[in-house]
Amino acid sequence: MARSTPVKKAWRSLAWLGVITVGLTALLAGGVLFSTATWAPKLALDLEGGTQIILAPRLESGQTVTQDQLDQAVSIIRDRIDAAGVAEAEVTTQGGQNVVVSIPGEPDAQTLARIQSSAKLEFRPVIYTDVATTSSVDSTSTPTPEPTDSSTPTPEPLATTATADPTDASDPNWVSPALYDEYLNFDCSSLEDSNANVAPADEPLITCEQDGSYKYILGPVEVSGETISDATSGLVPNSQGVSTGVWGVFITFNGEGTDQFAKVTERLYGYDQSDPRNRFAIVLDGWVISAPTTNAIITDGKPVISGNFTQDTAKVLADQLKFGALPIGFEVQSNETISATLGTNQLQSGIIAGLIGLILVVIYSLFQYRLLGTVTIASLVVAAVLTYLVIAILSWRQGYRLSLAGVAGLIVAIGLTVDSFIVYFERIRDELRDGRALVGAVEAGWKRALRTIYSSKTINLLSAIILFFLAVGNVRGFALTLGITVVIDVIVVVLFTHPMLQLLAATKFFSSGHPASGLDPQALGAVYRGRAQFREPVVAPKSGASREAAKRQTIAERKAAELEASSTRSKGKDS
């Protein structure tokens, strides 16, 4: 019964490995049949090509863009793209003026929105609002001017300043006669050309709702999007906590924003005037996305933006607000398809290099460990299958793309994976040299090797994690594949390599120490067997007591026994 326990454990471990493999395969197959997954991982920009978008800054007359603004924009756009699950994208500056975004494949509308939108969020009080009107003039016809009477006096220009100083941001005294006349004649279709997204924060603003249904005169900015510390998307609940089925964006302000928003809602909630003086507008890039009535004083700094959101648009806005607004507005200067920077030839070269390395590892394993090396080969095959499935699933679910740097990470992982097997095999050989039977040597060697393997893999994994979070671009792809293979290496060693050794140790070929097995005690130089007993290495005895005695033998006891035996031999020769 005792000898069969390792065998039972081995089959149990192999069953778990089979469950994991079948589960990953079924998940990927389901994605291929019912979703957008493919059996082959998607390739990155350097191997497949993609789309290059050049963003030009939108500046007011006389403004210039600084390098600090460009660097900040690059960082924010990169964070937005990463949040969208687009891997291996490249974001750089061009000529000290533009931002160049290169994305593998064809980006969808949500990804383009993340890139292009400046995400400048402002909270402004509503002063006036009305149903928007659009121009009905036919642009193809030229209107005939009416004859004017030269005796009619020219009207005086309207005043550009209010008659009294405003007392707060909601005060109508912000609106001068000229501004009100502009508001009455404002056409929402011209909002894009009005530079509303770069309007001064300390002045009133004429703008419209995103769908063009209403136009507004808004007061100065009272809360800026820069005070947002976090933003998430989700379904908006009602007062009873039940989901309303409406998608919204949940905002969390920092301390400064919380105080500012509490003061705004307290003032608007205290107004006894009718609509719209008790409303505030949420303005994104110059457009009003919502203008709710203030129904409560919000003091916790956690308002909810609701409007005509879908799940995708709510997540896009939340990501934009979470990573911050771009320091300046941008417009798409060009959007074109680009070819692979390296191409399939480089991918083929990388695969060939990996195969050469794999062949050398196989040759070394068979030369050094004889038939025991086949366990190394089988373990590498299992690790390769699991790695391929995981990368294909990440490519489908998380947008991961395999770059040449990622391929390099996989090649490096071959050596790291084999290193675990060598540590384990050498521990087993050490136990055989000390005179243990193969079954005991496998178990004792495993306990010692496992600590070393865990320590080594923990360091490798920490290195990969640190590199992933500190690096950008292709280097992150290298770190990701390296981290994945480290985890899979541990799984394979625990659930495949060790169980296979447990099963092989129970076979006559390996347990008898056949020279071709790679575990021949005599070839390894084993001379000790049991406590204070010396003999030439032979087939391992079946006695459980002898195995247990050898298992409990300490190094100090073994050295003492060797000295005692040596002394005994010397006395025998003298006599």
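The following dialogue explains how to read several features of this predicted model.

Reader: Which strands form the open sheet of 4 strands, and in what order?

Author: Strands of a sheet pair through backbone hydrogen bonds, either parallel or antiparallel. Strands (E, at least two residues) and helices (H or I, at least four) are DSSP runs, numbered from the N terminus. Two strands count as paired if DSSP finds at least two bridges between them. In this structure, the open sheet of 4 strands has the order β2-β3-β1-β13, with antiparallel pairing. Its edge strands are β2 and β13 (329-338), each of which pairs on one side only.

Reader: How many bridges join β2 to β3?

Author: Strand β2 (residues 90-94) is joined to β3 by 5 bridges, and the two run antiparallel. Thr 92 stands opposite Val 100 in β3. Strand β1 (residues 50-58) pairs with β3 in the antiparallel sense over 6 bridges, and there Ile 54 stands opposite Val 100. The hairpin of β2 and β3 has 3 residues between the strands, and Gly 95 takes a positive phi near 65 degrees in it.

Reader: Which residues of β3 point one way, and which the other way?

Author: In a regular strand the side chains alternate between the two faces of the sheet. From β3, Asn 98, Val 100, Ser 102 and Pro 104 point one way, whereas Val 99, Val 101 and Ile 103 point the other way. Buried means under 20% relative accessible area, exposed means over 50%, and partly exposed lies in between (1.4 Å probe, protein chains only). Strand β3 (residues 98-104) is mostly covered, with 7 of its 7 residues buried.

Reader: Where are the edges of the open sheet of 3 strands?

Author: This sheet has the order β8-β9-β12, with antiparallel pairing. Strands β8 and β12 (304-306) stand at the edges, each with a single partner strand, so one side of each is left without a neighbour in the sheet. Strand β8 (residues 228-237) is joined to strand β9 (residues 243-253) by 9 bridges, and Ala 231 stands opposite Ile 251 in β9. The hairpin of β8 and β9 has 5 residues between the strands, and Gly 241 takes a positive phi near 85 degrees in it. On the β12 side, 3 bridges join β9 to β12, where the bridge partner of Gly 248 is Ser 306.

Reader: Is Phe 123 buried or exposed?

Author: Phe 123, in strand β4 (residues 121-131), is buried, with a relative accessible area of 4%. The C-alpha atoms of Phe 123 and Gly 225 are separated by 7.9 Å, although these residues are 102 residues apart along the chain.

Reader: What span should helix α10 have?

Author: The expected span of a helix is 1.5 Å times one less than its number of residues. The 30 residues of helix α10 (residues 404-433) should therefore span 44 Å, and its end C-alpha atoms are 44 Å apart, which agrees. Just after α10, Gly 435 takes a positive phi of about 95 degrees.

Reader: How many salt bridges are there?

Author: A salt bridge is a side-chain nitrogen of Lys or Arg within 4 Å of a carboxyl oxygen of Asp or Glu. By this rule, the count comes to 7 salt bridges. One of them joins Asp 319 and Lys 315, at 3.0 Å from N to O. These two residues are 4 residues apart in helix α7 (residues 311-323), and are therefore separated by about one helical turn. Asp 319 counts as buried at 9% relative accessibility, whereas Lys 315 counts as partly exposed at 35%.

Reader: Which residues are joined by salt bridges into one network?

Author: Glu 431 forms a salt bridge with Arg 436, the closest N and O atoms being 2.4 Å apart, and both residues are buried. Salt bridges that share partners join Glu 431, Arg 436 and Arg 448 into one network.

Note on methods. Residues numbered from 1 in each chain as written. Predicted model: local features only at pLDDT ≥ 70, side-chain atom pairs only at ≥ 80, totals over all residues. Heavy atoms only, no water.
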